[in-house]
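This briefing covers a ligand shell, an annotated domain and a nonpolar core. Please keep the structure in view while reading.

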Amino acid sequence: MKFSQRLHEKLEPIWRANHNHPFVTGMGDGSLDQESFRFYMVQDYLYLIDYAKLFALGAVKADDLETMGKFAALLNSTLNEEMELHRQYAKKFGITKDDLENANPSPITLAYSHYMLHVAQNGTLAELVAALLPCMWSYWEIGKELSEIPGAAEHELYGEWISMYSSDEFGTLAQWCIGLMDELAAGKSESEKSKLEEIFLNTTRYEYMFWDMAYNKQMWPIDA
Ligand SMILES: Cc1ncc(C[n+]2csc(CCO)c2C)c(N)n1
């Protein structure tokens, strides 16, 4: 069995919970409160800044030119294309570039991105990929599921999100990451594989918490 299949089976219950979360189902049927989506957009922008650094660290840790080049291309497209799209999309919700750049991370954003950066800085390339994979994979699965709802991809507010993450281009990227995880896990000992599984499990849990944080617009309990 491929390592990615093992991960998928193990993580199935959390993935189901992600798909059933009211933030996700609300994007699908258009009922999501705009304030929650606004909160999400701002926090996600901060998340992407740190996420891009994982690609930079991936290029540092890779030991063949093809993988280095791929991480370098991902770093470039995240910083210079995807984040621009994010800024354009945010304008629809009345969020300015300054709002995005002066925002403070919520506790969950901080915990999730710092956890990924900790693994990326201190672990092997396989561990780095295990940390970043749930983000790509789960967004692709959610994008595909939501795009099957009639009219969802054309919704004036949330349609763009659904089209972006269900696109073939994004699918190819998610599949590249899944393939890389399988390649890197092949031949590893069982104890190394369980460590990878644990990291994958942790970032999958954080994906759920990120939806929940955005839905509830959750900041620090004491506003000081
Ligand atoms: C909390 C959170 N999790 C996952 C993603 C999805 N995502 C972030 S970067 C990237 C790769 C493309 O550069 C993808 C798919 C997100 N936006 N926010």
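The notes below are grouped by topic. The model is predicted. UniProt lists residues 8-216 under "domain: Thiaminase-2/PQQC", in an unreviewed entry.

**Annotated region**
- Over residues 8-216 the chain is 82% helix and 0% strand.
- The end C-alpha atoms of residues 8-216 are 28 Å apart.

**Shell around the ligand**
- The residues around the ligand are Asp44, Tyr47, Leu48, Tyr51, Leu74, Thr78, Glu82, Cys135, Met136, Tyr139, Glu207 and Phe210.
- Two or more of these residues come from each of helix H3 (34-61), helix H4 (65-91), helix H7 (125-147) and helix H10 (190-215).
- H3 contributes the most to the shell around the ligand, with four residues.
- Sorted by class, the shell around the ligand holds eight nonpolar, three charged and one polar residue.

**Largest nonpolar core**
- The largest nonpolar core has 60 residues, and those touching the most other members are Val129, Ala130, Leu132, Leu133 and Met181.
- At least two residues of this core are supplied by each of helix H1 (3-20), H3, H4, helix H6 (107-122), H7, helix H8 (159-166), helix H9 (168-185) and H10.
- H7 provides the largest share of this core, 13 residues.
- Leaving aside residues up to four places away in sequence, Leu133 touches Cys177, Ile178, Met181 and Phe200.
- In soluble globular proteins, nonpolar side chains tend to be buried together.

**Elements in both groups**

Conventions. Residues numbered from 1 in each chain as written. Predicted model: local features only at pLDDT ≥ 70, side-chain atom pairs only at ≥ 80, totals over all residues. Near = placed C-beta within 6 Å. Nonpolar A, V, L, I, M, F, W, Y, C, P; charged D, E, K, R; others polar. UniProt positions renumbered as here; feature names shortened; annotations may be inferred. Core = buried A, V, L, I, M, F, W, Y, C linked by C-beta atoms within 7 Å. Buried ≥ 20, exposed ≤ 12 C-beta atoms within 10 Å, placed from the backbone. Contact = placed C-beta atoms within 7 Å.
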